[in-house]
Each structure stands twice: as structure tokens, then as C-alpha cells.
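Let's take a friendly walk through a protein model, one piece at a time. Have the picture open while you read.

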Amino acid sequence: MKLSCFFHVPFWMAVCVMLTTGRVNAAPADALHMEVQLIWATNETSTKHKPIDADFAKRLGKTYRWKNYYEISQQAVSIPNGAVNTIKMSDQCKLDVKYLGGDRVEIVLTGEGKPVSKHVEKLALDWPLVLSGNAKNETAWLVVIKKVAADKAAKSEKAK
Amino acid sequence: MMNQEAQLKLQAYLDGELPAGERAAVEAWLACDAEAQLLLAELQNTGRALDGHGADVKLPETREFFWSKIEREIERQEQPEPVISRHQPVSVFWWLRQWVPFSGVAALVVLLMILVVHPGQSNAGQFGEMEIAADSMGADVFRDQEQKMTMVWFYDRSGDSQFTESSPLATVNHQ
């Protein structure tokens, strides 16, 4: 069999696709676009607070025991590679988020002026990181950190 | 013994193919050579015998047409031969036989590379490090593959932590 028969069009197409996907995956993003929400979880209903997205509330309800989830604050940020952003969620809570590249982030949770925890996580679209704990009156607080697409982050910036 | 050249000259004399000068010389030679006379007589007898029994070959076409065919064949052989390409046209089935196995292999390779290079969402749920700042606190990590969420639950180990219950991170007005 001639050697030339192995260098066929589909073979070269596969090589090109592999090189392309490898190159795309290897290239680090310039910035990480995120949305951070502070959510109050409770079994009581409240008319003074804005409910979160119904679909996301349903997902939270699969794991957490509370029925209602209300948004306390929300922020959209874009963190350049290697940079650190401080996100103030409330008077008692803030996040220091450092983008490590490759969708990896280092998050330091501070409560009441004291560091609570440090997390290194890899964020992915539609795979949020939820930091949570008990609150008063058998309620709970949740800090939801989501990676968003660049176009969605741009829309959020325009909405502001 | 008469040589072959003399015999051929006698045959030519008998056929009438000699010019006048050579014909006279042969006649003078025959007048004085008995062996030549006997050979001439034998040749004449042989000629008479063949004349009566030879089959005539008749061509199916006329003489002019026959010679024109020969002339055309000669001209054809004198023309240069056209170059015949060694590459025969390839049929669709030949291409299919070549494409199918290599396409399958290529598709398999592409699929494997996509799975390896783009591991998808599952990688987000498997990676993570955590440090708790206070010894009085604990944390549970739950990576829900079904709901696609990573959840960290902080709890108070000592019971008097400022982090939970007494000092929540979210100040909510219950009104």
C-alpha cells in the first residue's frame, strides 16, 4: 500500500481540528466575568425583597431546605488575569477575588471584618459556587459566585 | 555444370525480360551449348504445366480500392501515436471505499480530542481547595453533579462563633 493513502483529507481535517481546539483551550482568557449574589434563604415570604430567578431557586431548593430565596445584592465584575477585586456584598460581608487564569479563582470570604475562609475553585458556565451558612431565625445566607459569558457581562455593565 | 546466374538468365530469356543485346547473346550461347538447350526445354515444359493448373486469386474489391487501403494504412502508421493517460477516471465507489475507513478513524480521533481537551462541566465540580480561617468553624463541601453546583456550608463548632446566628453576613430587615 502506498504511503500517500494514509494522508487522506479526513485525516488532515482531524489534525487541524485537534490543533485548533488545543490552541483555543491552551490560551488563557484575558479576564474572568462573574456575577456575585448575596441571597437570603427563608421559609417565610417577603414582599420587600426581590426573589431570585425561579429556575435557580428551584436548583437551590433541591439541596437547601428553604423554600424562598431573596436577592439582597448582586454585582457583576470582570477581573483581569492576575488581578484582585474586592466585592462588597453587604456591610458585614465582602469577597476578595483573584483571577488565577484558566477559569481558576481564589476567593477570600470576610465576615465582620475577619477572614472566614479561602477557596480556590475552577469556575465554569452554569456551575456556580455557593458559600452558605446559618442566619438568624432559622434562615440562611448564600453567596453565589457565577461565571458568566463575556456578552452577558457587557449587558450587565450597560444596564448599570 | 551451369552456374545459377546462367540459369536465371535463361529463365529471364524465356520470360521475355532480357533487353535486346542480352537476348542476342543468350541465343548465340544456346546455338553452341547443348546443356543450355536442354535446360531451356525443361523450363518451357515446366511453364506449360503450371499455366494450366494455377488458381487465380481474385480480390473482393477493385485494384484501386485495394491499393488505397494500403496507402491509408501506411499513412496511419507514419502518424505519431497519441499520448494515452495512465490515470483512469475514478469512480464514485472507489472514493467511497477510500473515504469511509479514514473518515471513521478521523471522526473517532476528533471525538477523543474533544473529550480530552474540553472536559466540560465535570471538571468544574472536581477541582477545589479550601482553608478555614477559624478553628471554631467547620465547613462541608458538596459538589452536586446533578444540579451542577458546588456548595460550601459553614457551621459553628463551638457554638459561640460570631459567624453564625448572632452575626449573620446578611442583615435582613424582617418587616
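## Strands, cores and a surface patch

Let's start with a pair of strands: β1(A) and β9(A) run antiparallel and are joined by 8 bridges. Keep in mind that this is a predicted model. In this pairing, Glu35(A) has Lys146(A) of β9(A) as its bridge partner.

β9(A) also pairs with β8(A): these two run antiparallel as well, with 7 bridges between them.

In general, strands of a sheet pair through backbone hydrogen bonds, and they can be parallel or antiparallel. Here are the strand pairs with their bridge counts:

| Strand pair | Direction | Bridges |
|---|---|---|
| β1(A) and β9(A) | antiparallel | 8 bridges |
| β8(A) and β9(A) | antiparallel | 7 bridges |
| β7(A) and β1(B) | antiparallel | 5 bridges |

Is β9(A) enclosed or open? Of its 9 residues, 8 are buried, so β9(A) is largely enclosed by the rest of the structure.

Now for the cores. The largest nonpolar core has 27 residues, and those touching the most other members are Met34(A), Leu95(A), Leu131(A), Val143(A), Ile145(A) and Phe154(B). Several strands each supply at least two residues of this core, among them β1, β8 and β9 of chain A and β2 and β3 of chain B. There is also a second, separate core of 15 residues, which includes Ile39(A), Phe56(A), Tyr69(A) and Val144(A).

Next, an open sheet. Its 5 strands come in the order β4(A)-β5(A)-β6(A)-β7(A)-β1(B), with antiparallel pairing. Which strands stand at the edges? They are β4 (84–88) of chain A and β1 (128–132) of chain B; each has a single partner strand, so one side of each is left without a neighbour in the sheet. From one strand to the next, the twist averages 15 degrees.

Last stop: the surface. Val92(B), Phe93(B), Leu96(B) and Val100(B) make a nonpolar surface patch of about 430 Å². Leu96(B) belongs to helix α5 of chain B, residues 92–117. Its relative accessible area is 45%, so Leu96(B) counts as partly exposed.

Note on methods:
Residues numbered from 1 in each chain as written. Chains lettered and ligands numbered in written order. Predicted model: local features only at pLDDT ≥ 70, side-chain atom pairs only at ≥ 80, totals over all residues. Heavy atoms only, no water. Core = buried A, V, L, I, M, F, W, Y, C linked by side-chain atoms within 4.5 Å. Buried < 20%, exposed > 50% of the residue type's maximum accessible area, 1.4 Å probe, protein only. Helix = DSSP H or I, 4+ residues; strand = E, 2+ residues; numbered from the N terminus. Pairing = 2+ DSSP bridges. Patch = residues over 30% accessible without salt bridge, like charges linked within 9 Å, V, L, I, M, F, W, Y side chains within 5 Å. Areas by Shrake-Rupley, 256 points an atom, 1.4 Å probe, with all protein chains shown as cover. Salt bridge = Lys/Arg side-chain N within 4 Å of Asp/Glu carboxyl O. Axes fitted to C-alpha atoms, helices over the stretch in contact; angles between N-to-C directions.
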